[in-house]
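Thanks for coming. I will take you through one structure, one chain and then the other, and please hold your remarks until the end.

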Amino acid sequence: MIMNRKFLTFLLILPVLFIHTRCNQGGGTTGALGASNAAEKVYIAPGEKDKYYAFMSGGYSGQVSVYGLPSGRLFRVIPVFSQDPEKGYGYNEETKPMLMTTYGFIPWDDAHHPKLSQTNGVHDGKFLFINGNNTPRIARIDLTTFETTEIIQIPNSAGCHASPYPTENTEYLVAGTRFSVPIPQEDVPINSYKENFKGTFTFISGGQEHGAMDIAFQILVPGYDYDLAHSGKGVSHGWSFFTSYNVEEENTLLEKTASQYDKDYIAAVNWKKAEEYIEQGKFREMPAEYYHNVYSDRTHSATSEIKKSVKVLIPEECPGMVYYLPTPKSPHGVDVSPTGEYIVGSGKLSADLTVHSFEKMIQAIEDEKFDEVIDGIPVLNYDAVLAGVVQQPGLGPLHTEFDGRGNAYTTFFISSEVVKWSLETYEVLDRQPSYYSVGHLMIPGGGSAKPWENGEYLVALNKITKDRYLPTGPELAHSAQLYDISGDKMQLLLDFPTIGEPHYAQAIPASILAENQVQAFPLEENEHPYAAVRESETKVERTGNEVHVYMTTIRSHFAPDNIEGIKAGDKVYFHVTNLEQDWDVPHGFAVLGNNNAELLIMPGQTETLVWEPQNTGVYPFYCTDFCSALHQEMQGYIRVSPPESDIKLTWGLGDEVFGE
Amino acid sequence: MNITGPETKTIENGGMVSRPRLSEKYTMNKLPRIIFITGSLSLLLVFTAPIWRITLEAPQYPDGVTLYIWINKLDGKTRGTLQNINILNHYVGMQEINPESIPELKYFPIVIIVMSALGVLAGILNNRRLWLAWILLLLILGILGIYDFYLWEYDYGHNLAEDAPIKVPGMVYQPPLIGSKKLLNFNAISFPHFGSLFILIPMIMGSVAYYLKRKKSVPDE
């Protein structure tokens with residue numbers, strides 16, 4: 001392992017780079033002509049539609065927001081790992097199981113990397129996957145309903161950052177551990193890190209089919225911090241790559257201790273080889289509890305399954321499965337070019353950008369050009385795998401995407417800019433400032449085998465906005481910036497605030513998704529056990545102190561809308577079915593004093609709200625979604641009597657009153 | 001005359017010439033029947049397409065709410081159309097449109113099948129007067145059908161609930177038979193649809209057959 005302290009050299013060239021970047025800051029969209037030209041490029045006239053759907057992760061908001069490009073208009077916020085009182089997600093009985101884990105009900109996570117499903121390396125528009133970093137999970141979003149429909153927990157992981165980065169045909173989603181811990185967990189001193197802490201690479205199968213996600217296998221690896229990932233494509237199909245930092249294996253003051261070595265590793269995993277080892281039975285079955293939560297659009301409910309074990313592969317027992325590629329200075333992003341040949345490692349503390357060659361890597365493996373072997377993982381010789389170096393492109397490189405025209409675009413957090421460079425010559429071609437401190441960037445299709453339109457737009461996802469917008473107290477919006485990259489020089493077009501942290505994003509041509517949107521759920525396919533699919537099926541049933549109300553909504557009334565015979569201390573389940581079958585006619589449901597959220601029920605759907613009235617009286621309930629001209633009239637009453645009262649359970653609508 | 005004499009003789013003796021004449025006569029006699037029977041059968045195609053369509057246009061419904069009226073059913077451009085129309089209609093007190101309670105949707109198909117069968121029978125019987133009767137009967141049935149449709153429209157448009165949420169004095173909600181009409185916020189557009197062609201086509205084909213047969217039968221007599 002090379003341990004020279006090149007950090008000093010890095011500090012010495014800092015001023016040089018600073019001057020260099022300053023000199024280049026004149027190239028933005030200045031002048032009235034440039035501005036109006038940019039305005040034309042992002043203007044979508046009223047009633048016209050955007051060209052792309054963009055899915056931006058909310059980072060610590062635990063959600064995904066959907067924008068249009070090039071307009072930057074927000075269309076929807078999809079709750080994934082976070083409860084959303086607006087939609088009742090995680091509050092209604094149907095979706096609560098979605099947020100179940102072995103740690104219990106977790107109503108939040110840090111949602112980082114949205115990744116679209118792929119077929120032959122091309123975004124197919126079926127699903128969007130996103131990882132939860134804090135309590136390791138991967139979620140599936142159905143792109144016909146824009147709903148979270150599946151969440152799988154990742155066992156033997158204490159931080160799921162290098163995820164989900166699907167393989168070429170979504171054979172697998174991957175998950176590398178950002179934080180190493182004892183595996184299996186045990187009570188050990190923290191400073192026994194080097195001997196006890198381990199990381200894992202998890203391969204999750206079933207990505208192509210709703211409800212089918214499963215932990216195919218895990219690979220137990222040295223206890224570094226595995227930061228980001230990308231799966232190979234084209235020539236490198238069958239491999240997945242993971243960056244690491246903290247190969248120093250330190251457990252305190254990492255900003256210093258984990259920045260000491262001048263090279264960390266990119267792990268290259270031959271998952272086809274791993275499949276062979278699984279088939280040969282060379283795995284260890286390890287006990288590991290994890291949740292698999294699946295939502296059905298027929299029962300309109302989620303169910304949880306607890307799984308009990310995983311197959312674990314140990315590199316020492318499985319030669320040829322994992323290799324390490326030395327990469328300078330704590331690489332963050334690892335990005336694979338559209339052909340699959342180039343693997344760009346962004347050493348975030350390095351002055352240069354490192355590009356590895358897949359072909360050379362295979363050759364180095366054949367020639368056994370190993371510098372050393374760590375826990376059964378050969379470390380390939382740096383010079384043997386290096387394709388090229390982009391010399392001093394900027395400061396703090398993080399992520400790279402591609403335009404399909406032979407160019408790469410890398411973000412620089414410290415120098416706050418996006419840099420365009422050539423994959424052929426490794427020369428910097430252009431640089432544009434970002435406002436400020438860009439993290440990920442996204443070119444529609446730019447991380448896949450097929451960047452759409454050969455690279456038309458680039459979105460920079462910024463962590464800091466400072467003075468960019470009207471100030472809003474101490475907490476400021478993060479931002480996304482849209483650049484036109486169709487020409488030789490990048491042009492900044494638009495700058496718009498985002499929800500939460502726009503950590504990473506994906507975009508896909510609107511034409512691929514728009515036609516497939518579900519408008520209403522067919523009532524005749526509603527399999528919810530408490531559904532009332534016509535008003536004649538509505539009723540109220542009591543079992544002990546549990547009361548089940550089978551209720552329906554239609555413009556502009558509830559059925560039933562008068563209920564008597566509820567008693568203080570009852571647990572009342574409102575199972576509300578929206579009988580509408582028309583697009584864009586949801587109904588809401590809220591009841592006075594409910595310690596919960598509302599329901600927002602899509603046409604044909606059934607949702608359940610639990611209400612536990614403590615005091616006697618008459619309580620109104622009403623529709624919260626402005627559904628029709630007589631929306632205000634869409635209301636009803638529930639009478640709550642003392643527990644000892646002999647008021648009969650009755651319910652009705654208009655002249656019709658029914659009873660037990 | 002003498003010159004033509006031997007020629008006439010040749011024709012009488014030569015089977016080669018008289019056979020095509022027979023064959024031609026045969027097809028010429030057969031053709032009207034083929035047209036008439038085909039026309040009668042094509043009446044059955046009325047089941048393959050709606051016979052009428054009514055579209056309601058309003059700002060909130062950029063694609064319109066389109067109701068299709070078939071000979072045997074009602075449906076819409078989307079699955080929820082009929083329910084949607086009923087929801088909209090209930091605000092002004094219109095009755096619910098329930099296909100189950102419209103007997104025409106049950107007996108009109110029988111009328112069509114019977115008419116088609118009668119047409120085929122008339123074709124086989126090869127009786128010109130029967131053909132004319134069949135054409136006139138179909139025409140009368142068609143007119144009655146449209147009149148019946150008008151009555152339903154009239155009833156839906158005028159027979160309004162007393163306790164309707166929205167009551168506009170003097171307002172009736174009868175959609176037009178053909179053409180468009182503004183009904184509060186909706187523009188109602190009503191026109192025959194493709195299915196109607198399969199009532200019109202048998203009439204036209206029947207008439208053509210009738211005409212051809214009459215022309216042919218003069219020299220036959």
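**Chain B, then chain A**

Chain B has six helices and five strands. Bear in mind throughout that this is a predicted model. If you follow chain B along its sequence, the pattern reads α-α-β-β-β-α-α-α-β-β-α. Chain B has 221 residues, and 37% of them count as buried. As for contacts in chain B between residues at least 6 apart in sequence, 64% of them join residues at least 24 apart.

Now to a pair of helices in this chain. Two packed helices are described by the angle between their axes and the distance between the axes. For helix H4 of chain B, residues 104–125, and helix H5 of chain B, residues 128–158, the angle is about 170 degrees and the axes are 10 Å apart. Angles over 145 degrees count as roughly antiparallel, so H4(B) and H5(B) are roughly antiparallel.

Which residues make the contact between H4(B) and H5(B)? On the H4(B) side they include B:Phe108, B:Val111, B:Met115 and B:Leu118. On the H5(B) side they include B:Leu130, B:Trp131, B:Trp134 and B:Trp152. By type, the residues of this contact are 13 nonpolar, three polar and two charged. B:Glu104 in H4(B) and B:Asp148 in H5(B) are among the residues that meet there.

Next, helix H3 of chain B, residues 81–90. This helix is mostly covered, with eight of its 10 residues buried. Among the buried ones are B:Leu82, B:Ile85, B:Ile87 and B:Leu88, and B:Asn84, B:Asn86 and B:Asn89 are also on that list. What covers the buried residues of H3(B)? The cover includes strands S1, S2, S3 and S5 of chain B, together with S37 of chain A. That brings us to the other chain.

A:Ala267 sits in strand S17, residues 263–270. Is A:Ala267 buried or exposed? Its relative accessible area is 1%, so A:Ala267 is buried. Leaving out residues up to four places away in sequence, A:Ala267 touches A:Phe201, A:Ser240, A:Phe241, A:Phe242, A:Val322, A:Tyr323 and A:Tyr324. Take A:Val322 from that list: A:Ala267 and A:Val322 are 55 residues apart in sequence, and their C-alpha atoms are 6.7 Å apart.

The second residue is A:Asp570, which lies in the loop between strand S39 (562–567) and S40 of chain A. A:Asp570 is buried, at a relative accessible area of 3%. With residues up to four places away again left out, A:Asp570 touches A:Arg542, A:Asn545, A:Val547, A:Trp611, A:Glu612 and A:Pro613. A:Asp570 and A:Thr170 are 400 residues apart in sequence and 48 Å apart in space, C-alpha to C-alpha.

The last topic is salt bridges. How many are there over all chains? The count is 26. I will go through three of them, and then a network.

One salt bridge joins the side chains of A:Asp109 and A:Arg137, at 2.9 Å from N to O. A:Asp109 is in the loop between strands S5 and S6 of chain A, while A:Arg137 is in strand S8, 28 residues apart. Both A:Asp109 and A:Arg137 are buried.

Another salt bridge joins A:Glu501 and A:Lys463, at 2.7 Å from N to O. A:Glu501 belongs to the loop between strands S34 and S35 and A:Lys463 to the loop between strands S32 and S33, so this pair ties together parts that are 38 residues apart in sequence. A:Glu501 and A:Lys463 are both buried.

A:Glu580 and A:Arg555 also form a salt bridge, with the closest N and O atoms 2.7 Å apart. A:Glu580 lies in the loop between strands S40 and S41 and A:Arg555 in the loop between strands S37 and S38, so the pair ties together parts 25 residues apart in sequence. Why do these two count as buried? Buried means under 20% relative accessible area. A:Glu580 is at 0% relative accessibility, so A:Glu580 counts as buried. A:Arg555 is at 4%, and therefore counts as buried too.

Finally, the network: A:Lys51, A:Glu453 and A:Glu456 are joined into one by salt bridges that share partners.

That is the tour. I will take questions now.

Note on methods. Residues are numbered from 1 along each chain as its sequence is written. Chains are lettered from A and ligands numbered from 1 in the order in which they are written. This is a predicted model: local features need pLDDT of at least 70, side-chain atom pairs count only at pLDDT 80 or more; totals for chains, interfaces and linings use all residues. Side-chain values use heavy atoms; hydrogens and water are left out. A salt bridge is a side-chain nitrogen of Lys or Arg within 4 Å of a carboxyl oxygen of Asp or Glu. Helices (H or I, at least four residues) and strands (E, at least two) are DSSP runs, numbered from the N terminus. Buried means under 20% relative accessible area, exposed over 50%, partly exposed in between (1.4 Å probe, protein chains only). Contact means heavy atoms within 4.5 Å. Axes are lines fitted to C-alpha atoms, for helices over the stretch in contact, and angles run from 0 to 180 degrees between N-to-C directions. Angles under 35 degrees count as roughly parallel, over 145 as roughly antiparallel, 65 to 115 as roughly perpendicular and the rest as oblique. Ala, Val, Leu, Ile, Met, Phe, Trp, Tyr, Cys and Pro count as nonpolar, Asp, Glu, Lys and Arg as charged, and the others, Gly among them, as polar.
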